[in-house]
Amino acid sequence: MSGKSLKSIIESLLFVHDQPLSLDRLALILEEFERADLRAALDELVEEYAASERGIVLSYVAGAYQFRSRPEHADYIRRLTKSKGVKFSQSALETLAIIAYRQPVTRAEVEYLRGVDSGGVMKSLLEKKLLRIMGKKDVPGKPLIYGTSREFLELFGLKDLNALPTLKDIQELAPPDPFADQPALPLEAVEA
Amino acid sequence: MQSNLFSEALDQSYRVQIEEFEGPLDLLLHLIKKNEVDIYNIPIAAITRQYLEYMELLKELNLDIAGEFLVMAATLLQIKSRMLLPITPEEEEAEVEDPRAELVRRLLEYQRYRDASQLLSCRNLLGRDVFARKFDSPELAELEPKEEPADVELFELIEAFQRVLARVSIDTFHDVVADGISIADRIGEVLSVLHAEKTVCFDSLFSDGMTRDLLVVTFLSILELCKLKLIKVTQVESLGSIWLTLAAQPEEGELQGGETGNVVHDPAGPEEDSGA
């Protein structure tokens with residue numbers, strides 16, 4: 001079958017489904033097609049949607065594909081849905097950030113890093129399914145260890161945990177050179 | 001070009017949170033920024049004084065001071081006193097670390113995660129900046145229990161578990177097995193089943209091949225999940241099957257507040273209510 005119709009089949013599936021569809025899932029459904037062709041078709045679709053200025057983009061989140069509205073149109077969509085969407089408090093965001101970057105992590109570790117009790121906010125995030133219990137730590141007290149969930153990746157539009165914005169490594173005690181990342185002035189270019 | 005450079009620097013330095021600190025580390029970072037001092041060389045006496053002044057202010061406002069703020073005050077005073085002591089020759093040889101080092105590391109690390117949380121918040125959030133299609137499939141709606149399900153009493157849950165035990169105990173042999181699964185592990189398993197299937201029948205969590213230990217651990221996990229209010233246990237008809245579902249999502253905005261570090265803005269405190 002031609003690549004063009006495969007692309008259109010995948011497009012239909014993605015349109016109809018209300019959850020992100022992974023390549024694995026698509027391969028199961030479209031068993032008569034080669035996996036490599038599926039991947040190629042998906043890549044092409046992503047590119048086409050990105051290039052043409054449609055109101056829809058094909059996002060790759062949490063290892064799966066989903067049609068999402070263009071972020072620039074958020075205001076208009078909010079007029080339609082009349083919902084404000086999720087709004088996070090600073091404490092919830094801090095806690096999520098720590099757990100996202102440090103997972104697997106215990107509550108005590110989160111609290112040490114934040115310097116405040118975080119039980120309430122962690123419970124709330126667990127209820128929102130943004131966190132998950134990954135097991136328990138083999139130390140006295142066997143505290144539960146936490147990580148972020150698939151829903152976390154979907155909410156923040158991340159394809160996986162490696163897609164988190166990179167953090168600068170913690171600098172050692174030595175004061176950093178404040179001009180280190182400042183490029184040298186192109187003096188010669190000016191003269192020329 | 002140059003104006004770009006400057007505006008970026010300005011953005012950085014003016015992003016301060018006033019009077020709403022997430023905790024002692026947040027307050028300290030604010031003081032360091034306000035005083036324009038070098039984080040690697042904190043004038044500990046001045047910062048400690050301002051920190052304690054801030055705590056005084058909290059007291060005057062009759063606000064409860066969270067324990068974490070007191071711990072940090074004690075830490076600051078300890079660092080201050082250690083810096084006043086002359087360094088003994090032995091200490092000099094052992095190259096004792098700057099008493100402030102541990103605090104600076106914590107502050108920097110905290111700042112790093114605080115910045116990361118800003119980055120996260122700037123992403124295109126599903127349901128806020130980007131939207132996906134969603135609809136309720138009619139097939140799924142049919143599967144859902146039609147009647148308003150009733151909450152299950154603990155007693156009924158125990159009865160159901162007794163029935164499970166009765167079902168398997170007759171032909172259970174004494175098996176010597178390696179360390180069984182812990183409740184915490186089982187909680188994780190039960191939760192992942194629930195995440196995948198949304199609604200799970202109580203009985204289906206107890207399959208026939210399970211050892212008595214595992215049955216008990218499973219039951220205790222369910223009780224623990226109820227206690228944590230992470231799941232909802234319901235029954236469509238009396239004496240019918242018992243169903244487990246993930247607890248309803250909390251109302252929007254629940255993530256605001258509910259945090260002990262947020263001591264400054266708490267106008268709805270109990271003292272003020274009674275005074276009015």
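Student: What percentage of the 276 residues of chain B count as buried?

Tutor: In this predicted model, 35% of them count as buried. For chain A, with its 192 residues, the buried part is 43%.

Student: What is noted about the phi of Lys142(A)?

Tutor: Its phi is near 40 degrees, a positive value in a residue other than glycine. Most residues other than glycine have a negative phi. Ala62(A) also has a positive phi, near 45 degrees, and is placed in the loop between β2 (56–61) and β3 (64–69) of chain A.

Student: Where is there a cis peptide bond?

Tutor: Look between Gln103(A) and Pro104(A), where omega is about -5 degrees. Most peptide bonds are trans. Pro104(A) belongs to the loop between α5 and β4 (105–106) of chain A.

Student: How do you know that the span of helix α5 of chain A agrees with what it should be?

Tutor: The expected span is 1.5 Å times one less than the number of residues. For the 13 residues of α5 (residues 90–102), that gives 18 Å, and the end C-alpha atoms are 18 Å apart, so the two agree.

Student: Why is α5(A) described as largely enclosed by the rest of the structure?

Tutor: Because 11 of its 13 residues are buried. Among them are Leu93(A), Leu96(A), Ile98(A) and Ile99(A), along with Gln90(A) and Glu94(A).

Student: What makes helix α2 of chain B mostly covered?

Tutor: Nine of the 11 residues in α2 (residues 24–34) are buried, including Pro24(B), Asp26(B), His30(B) and Ile32(B). The cover over the buried residues of α2(B) includes α6 of chain A, together with α3 (44–60), α4 (67–84) and α6 of chain B. After α2(B) comes Glu36(B), with a positive phi near 50 degrees.

Student: At what angle do α6 of chain A and α6 of chain B pack, and how far apart are their axes?

Tutor: Helix α6 (residues 107–114) of chain A and helix α6 (residues 101–122) of chain B pack at about 100 degrees, with axes 8 Å apart.

Student: Why is that arrangement called roughly perpendicular?

Tutor: Angles of 65 to 115 degrees count as roughly perpendicular. The angle here is about 100 degrees, so α6(A) is roughly perpendicular to α6(B).

Student: Which residues make the contact?

Tutor: From α6(A) come Tyr112(A), Leu113(A) and Arg114(A), and from α6(B) come Glu102(B), Arg106(B), Glu109(B), Tyr110(B) and Tyr113(B). By class, that contact has four nonpolar, four charged and no polar residues.

Technical notes:
Residues numbered from 1 in each chain as written. Chains lettered and ligands numbered in written order. Predicted model: local features only at pLDDT ≥ 70, side-chain atom pairs only at ≥ 80, totals over all residues. Heavy atoms only, no water. Axes fitted to C-alpha atoms, helices over the stretch in contact; angles between N-to-C directions. Helix = DSSP H or I, 4+ residues; strand = E, 2+ residues; numbered from the N terminus. Parallel < 35°, antiparallel > 145°, perpendicular 65-115°, else oblique. Contact = heavy atoms within 4.5 Å. Nonpolar A, V, L, I, M, F, W, Y, C, P; charged D, E, K, R; others polar. Buried < 20%, exposed > 50% of the residue type's maximum accessible area, 1.4 Å probe, protein only.
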